[in-house]
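This report is written for a reader new to the structure displayed below.

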Amino acid sequence: MNKFFCSLIQLYMFVLVARALLSWFPIDGRSKLVPVQRVLFDLTEPVLSPLRRVIPPAGNFDLSFLVVFFIFLILRNAVCGA
């Protein structure tokens, strides 16, 4: 069961990074990446949105992403011991 949670945490961290990387590139409505972007948004926004209300952006940089990523990094280290 522990390995399952480790894999799940690692997968979510990958999804967070994928969303961050994809946000650097403008995607128009006809792109084949629109469904991918939508899925990444749907998976990460419920976690990022509450923090975004508490943590203000630093210019154009979204600090809520870093906070969530480090929380999951700490959680992964606590659960997986890595």
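Arg19 and Glu45 are joined by a salt bridge, with their closest N and O atoms 2.9 Å apart. This pair connects distant parts of the chain, since Arg19 belongs to helix α1 and Glu45 to helix α2, 26 residues apart. A salt bridge is defined here as a side-chain nitrogen of Lys or Arg within 4 Å of a carboxyl oxygen of Asp or Glu. In general, side chains of opposite charge can pair when their charged atoms come close.

The model is predicted: local features need pLDDT of at least 70, side-chain atom pairs count only at pLDDT 80 or more, and totals for chains, interfaces and linings use all residues. Residues are numbered from 1 along each chain as its sequence is written, and side-chain values use heavy atoms, with hydrogens and water left out.

**Salt bridges**

The whole structure contains four salt bridges.

| Pair | N to O distance |
|---|---|
| Arg19 and Glu45 | 2.9 Å |
| Arg30 and Asp28 | 3.2 Å |
| Glu45 and Arg52 | 2.6 Å |

Salt bridges link Arg19, Glu45, Arg52 and Asp62 into a network. Arg52 has a relative accessibility of 29% and so counts as partly exposed. In the pair formed by Arg30 and Asp28, Arg30 is exposed at 76%, whereas Asp28 is partly exposed at 39%.

**Overall fold**

The protein chain has three helices and zero strands, following the pattern α-α-α along the sequence. Both kinds of element are DSSP runs numbered from the N terminus, helices being H or I with at least four residues and strands E with at least two. The C-alpha trace spans about 40 × 30 × 20 Å along its principal axes. Of the 82 residues in the chain, 26% are buried.

**The largest pocket**

The largest pocket has a volume of about 370 Å³. It is lined by 16 residues, of which Arg19, Ala20, Ser23, Asp62 and Phe65 are the closest to its centre. A pocket is an open set of points on a 1 Å grid over the protein atoms alone, where a 1.4 Å probe fits, with protein on both sides within 12 Å along at least five of seven lines; lining residues have an atom within 4 Å of a point. Helix α1 gives the most to the lining, with seven residues, while α1 and α2 (34-54) each supply at least two. By class, the lining comprises 11 nonpolar, three polar and two charged residues.

**A nonpolar surface patch**

Met1 lies in the segment before α1 (2-23) and counts as exposed, with 74% relative accessibility.

Definitions and conventions: Buried means under 20% relative accessible area, exposed over 50%, partly exposed in between (1.4 Å probe, protein chains only). Grid points are joined across faces, edges and corners, and a volume is the space filled by probe spheres set on the points. Ala, Val, Leu, Ile, Met, Phe, Trp, Tyr, Cys and Pro count as nonpolar, Asp, Glu, Lys and Arg as charged, and the others, Gly among them, as polar.
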